[in-house]
Amino acid sequence: GLQNLPALQHIQLYPNPAQASFNLAYTLPHAQWVQVRLYDVSGNLLQTLYSGVEDGGVHEHLFVARDLEGRELPAGSYLLSIQAGHDTQTLHLQKE
């Protein structure tokens, strides 16, 4: 049944390397709470990009890579954490 399906499917992060902004797309098998966070490589939270309940289906978000103060992030490597239900996926984001 639905319980055995991964909560996050078909994850795409593009462009990667990114400039100021990037797109995140994924599919949810059913409605659930989703949180997208951006971390530096040391694991420090830079920004919660999205938090809320989303319906099942395909979702696409456009995010701007900024810190908590709203400043554009410097070039480098970052971690993008996507949590849906009990499923968490971490992607590497390279910013130019």
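Start by selecting Phe22, which is buried with a relative accessible area of 1%. Buried here means under 20% relative accessible area, exposed means over 50%, and partly exposed lies in between, using a 1.4 Å probe and protein chains only. Before you go on, note that this is a predicted model: local features need pLDDT of at least 70, side-chain atom pairs count only at pLDDT 80 or more, and totals for chains, interfaces and linings use all residues. Residues are numbered from 1 along each chain as its sequence is written, and side-chain values use heavy atoms, with hydrogens and water left out.

**Stop 1: the aromatic pair**

The structure holds one aromatic pair. The ring centres of Phe22 and Phe63 are 5.9 Å apart and the planes stand at 55°, so the pair is tilted. Rings of Phe, Tyr and Trp (its six-membered ring) pair if their centres lie within 6.5 Å; planes under 30 degrees apart are stacked, over 60 edge-to-face, and the rest tilted. Which parts of the chain does the pair tie together? Phe22 sits in strand β2 and Phe63 in strand β5, so the contact links parts that are 41 residues apart in sequence.

**Stop 2: the three-stranded sheet**

Three strands form an open sheet in the order β1-β2-β5, with antiparallel pairing. Its edge strands are β1 (9-14) and β5 (57-64), each pairing on one side only. On average, neighbouring strands of this sheet are turned by 10° against each other, direction ignored. For such angles, axes are lines fitted to C-alpha atoms (for helices over the stretch in contact), and values run from 0 to 180 degrees between N-to-C directions. Strands are DSSP runs of E with at least two residues, helices are runs of H or I with at least four, and both are numbered from the N terminus. Two strands pair if DSSP finds at least two bridges between them.

Select β2 (residues 21-28) together with β5: eight bridges join these antiparallel strands. To see one of them, pick Tyr26, whose bridge partner in β5 is His59.

**Stop 3**

Go to Gln9 in strand β1. Is this residue buried or exposed? At 18% relative accessibility, Gln9 counts as buried. Leaving out residues up to four places away in sequence, Gln9 touches Tyr26, Thr27 and Pro29, where contact means heavy atoms within 4.5 Å. If you draw a distance from the C-alpha atom of Gln9 to that of Leu49, 40 residues apart along the chain, you get 19 Å.

Next select His10, also found in strand β1. His10 is exposed, with a relative accessible area of 60%. Its backbone deserves a look: His10 has a positive phi of about 55° although it is not a glycine. Most residues other than glycine have a negative phi, and most peptide bonds are trans.

Follow the chain into the loop between β1 and β2, where Pro15 lies. The peptide bond from Tyr14 to Pro15 is cis, with omega near -15°. Pro17 lies in the loop between β1 and β2 as well, and the bond from Asn16 to Pro17 is cis, with omega near 15°.

**Stop 4: the four-stranded sheet**

Move to the open sheet of four strands, ordered β4-β3-β6-β7 with antiparallel pairing. The edge strands are β4 and β7 (87-95), each pairing on one side only. The twist averages 15° from one strand to the next.

Select β3 (residues 32-40) and β4 (residues 45-54), which run antiparallel and are joined by eight bridges. Val34 stands opposite Gly52 in β4. In the hairpin of β3 and β4, with four residues between the strands, Gly43 takes a positive phi near 90°.

Then select β6 (residues 76-84) with β7, which pair in the antiparallel sense over nine bridges. Here Ser81 stands opposite Thr90 in β7.

**Last stop: zoom out**

Show the whole protein chain: you will find zero helices and seven strands. The C-alpha atoms fill a box of roughly 45 × 20 × 20 Å, taken along the principal axes. Of the 96 residues, 41% count as buried. Among contacts between residues at least 6 apart in sequence, 52% join residues at least 24 apart.
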